[in-house]
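Please look at the sequence and the model before reading on.

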Amino acid sequence: MLATSLPAILTLPRSEQSAALRALRCALPPTATPEAWNSRFGPTSLFAAWTASSLMRGLHRSNAELLRPLLARPGFRVIEIGGGDGALWRDALPPDALPPDAQGELLLIDPVAEVGELVRASLPEGVSLRFRQARLEEVDPGSLPPADAFVASLVLHHIAGADRAQRQAHGLSGPGKLEALQTLAGCLRPGGFGLVNEADIHCDIELAPGEPLLEERLIDSYVRRCAPSLLQDAARRPDADADLRARWEAVCLHWCLEQVDLANAPLADRDVYELDVPRWRALFRRAGLAVQAEQFTDPQNLFRQYLLTPSEPR
Ligand SMILES: C[S@@+](CC[C@H](N)C(=O)[O-])C[C@H]1O[C@@H](n2cnc3c(N)ncnc32)[C@H](O)[C@@H]1O
């Protein structure tokens, strides 16, 4: 039903899509997948299906292409923020993609213990893991070692607010995205680079709960760009079995259509505080990072990859 109804809804004028989506949600039978966003990473989880999607495969492959030359250099150090289920390493940088004597260190920062285990299991031999179980905002900037690269893929949007001041203005304390980026910029060795991947959609805290523009922005990214790609995978990917196809449909429902409900959630519960391309560019500049290259990593123009270097030579 989703596969036939959603494309029809997306042909409606934009102003009619919100009500049509609500009607579709009411008409859909309930599914038995209670998994919440980011909560589980097992082989049968929606997260595993998500990282097997074409959207995520494209993103990880693009990151792997930029990382591979560095990983061939002995003694490299990469800092990764938010490791997910280790798909970057497991799927996009398998052992045979690297020289047999590749040797270096990955410092992973993530608040979820299970993520440390999954990334450890995904690393090629010769790459050792140092795992800090923490949110990036909690990490003392001076405690991070110098690194050749950092990777922050689909993680900075979990930090609400552009900066500390904006957070304070909305009743939140602590660092925002700017301070997190400054922490990362500060660890780059001379010649080092950073990779950031984020969806091109503005839904940060200046858009208040219940504001119609916020719902419109969430529909734009989750429903107009993300969901059709997942449904296309479910319909056409020759490497997928019936179970994976069903999980992609469940991702489409729970992680795309149901995400639109976040438009009415209290600010602190939103979980995704994303910026669009011009806002990310402005923030990188403020953090002392220059964009050397940028591109969408999928045909839907959802996920943008930014290749960053320090603005001032080190
Ligand atoms: C959407 S997943 C992205 C995973 C992976 N980077 C990828 O692209 O497939 C977000 C990851 O960031 C972690 N995470 C969430 N908030 C974080 C924070 N404030 N600091 C560090 N990691 C965080 C989650 O536990 C999860 O592993």
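## Two loop residues with positive phi

Asn301 sits in the loop between β6 (289-296) and β7. Helices (H or I, at least four residues) and strands (E, at least two) are DSSP runs, numbered from the N terminus. Asn301 is not a glycine, yet its phi is positive, at about 55 degrees. Its relative accessible area is 38%, so Asn301 is partly exposed. The classes are these: buried is under 20% relative accessible area, exposed is over 50%, and partly exposed lies in between (1.4 Å probe, protein chains only).

Leu154 belongs to another loop, the one between β4 and α7 (164-169). Its phi is near 55 degrees, again a positive value in a residue other than glycine. Leu154 counts as buried, with 14% relative accessibility.

## How the model is read

This is a predicted model, in which local features need pLDDT of at least 70, side-chain atom pairs count only at pLDDT 80 or more, and totals for chains, interfaces and linings use all residues. Residues are numbered from 1 along each chain as its sequence is written, and side-chain values use heavy atoms, with hydrogens and water left out.

## The chain as a whole

The chain holds eleven helices and seven strands. Its C-alpha trace spans about 55 × 50 × 30 Å along the principal axes. A compact globule of 314 residues would have a radius of gyration near 20 Å; the chain has 19 Å, which agrees. That radius is taken over C-alpha atoms, and the globule rule is 2.2 Å times the number of residues to the power 0.38.

Of the 314 residues, 56% count as buried. The accessible surface comes to about 13500 Å², and carbon and sulfur atoms account for 54% of this surface. Accessible areas come from the Shrake-Rupley method with a 1.4 Å probe; for residues, only the protein chains shown count as cover. Take the contacts between residues at least 6 apart in sequence: 71% of them join residues at least 24 apart. Contact means heavy atoms within 4.5 Å.

How many of the twelve residues of strand β5 are buried? Nine are, so β5 (residues 188-199) is largely enclosed by the rest of the structure.

Strand β5 pairs with β4 and with β7. Two strands pair if DSSP finds at least two bridges between them. Strand β4 (residues 147-153) runs parallel to β5, and six bridges join them. Here Ala152 has Val196 of β5 as its bridge partner. Strand β7 (residues 303-310) runs antiparallel to β5, also with six bridges. Glu198 stands opposite Arg304 in β7.

Strand β2 (residues 104-110) is mostly covered, with seven of its seven residues buried. Gly104, Leu106, Leu108 and Asp110 point one way from β2, while Glu105, Leu107 and Ile109 point the other way. Both sets are buried.

Strand β1 (residues 76-81) pairs with β2 in the parallel sense, over six bridges. Val78 has Leu106 of β2 as its bridge partner.

## Helix α1 and its cover

Which residues of helix α1 (residues 2-9) are buried? They are Leu2, Ser5, Leu6 and Ile9. Seen down the axis of α1, these residues fall within an arc of 95 degrees, so they line one face of the helix. The arc is that of the directions from the helix axis to the C-beta atoms. Their cover includes α2 (14-27), α9 (212-236) and α10 (242-257).

Glu249 is found in helix α10. It counts as partly exposed, at 31% relative accessibility. Leaving aside neighbours within four places in sequence, Glu249 is in contact with Leu2, Ala3, Leu231 and Ala234. Glu249 and Asp233 are 16 residues apart along the chain, and their C-alpha atoms are separated by 9.3 Å.

## Cysteines

How many disulfides does a search of the whole structure find? It finds zero. A disulfide is a pair of cysteine sulfur atoms within 2.5 Å.

Cys226 is buried, at 5% relative accessibility. The closest cysteine sulfur to that of Cys226 is in Cys256, 3.8 Å away, too far for a bond. Cys26 is exposed, at 69% relative accessibility. The closest cysteine sulfur to that of Cys26 is in Cys252, 17 Å away, also too far for a bond.
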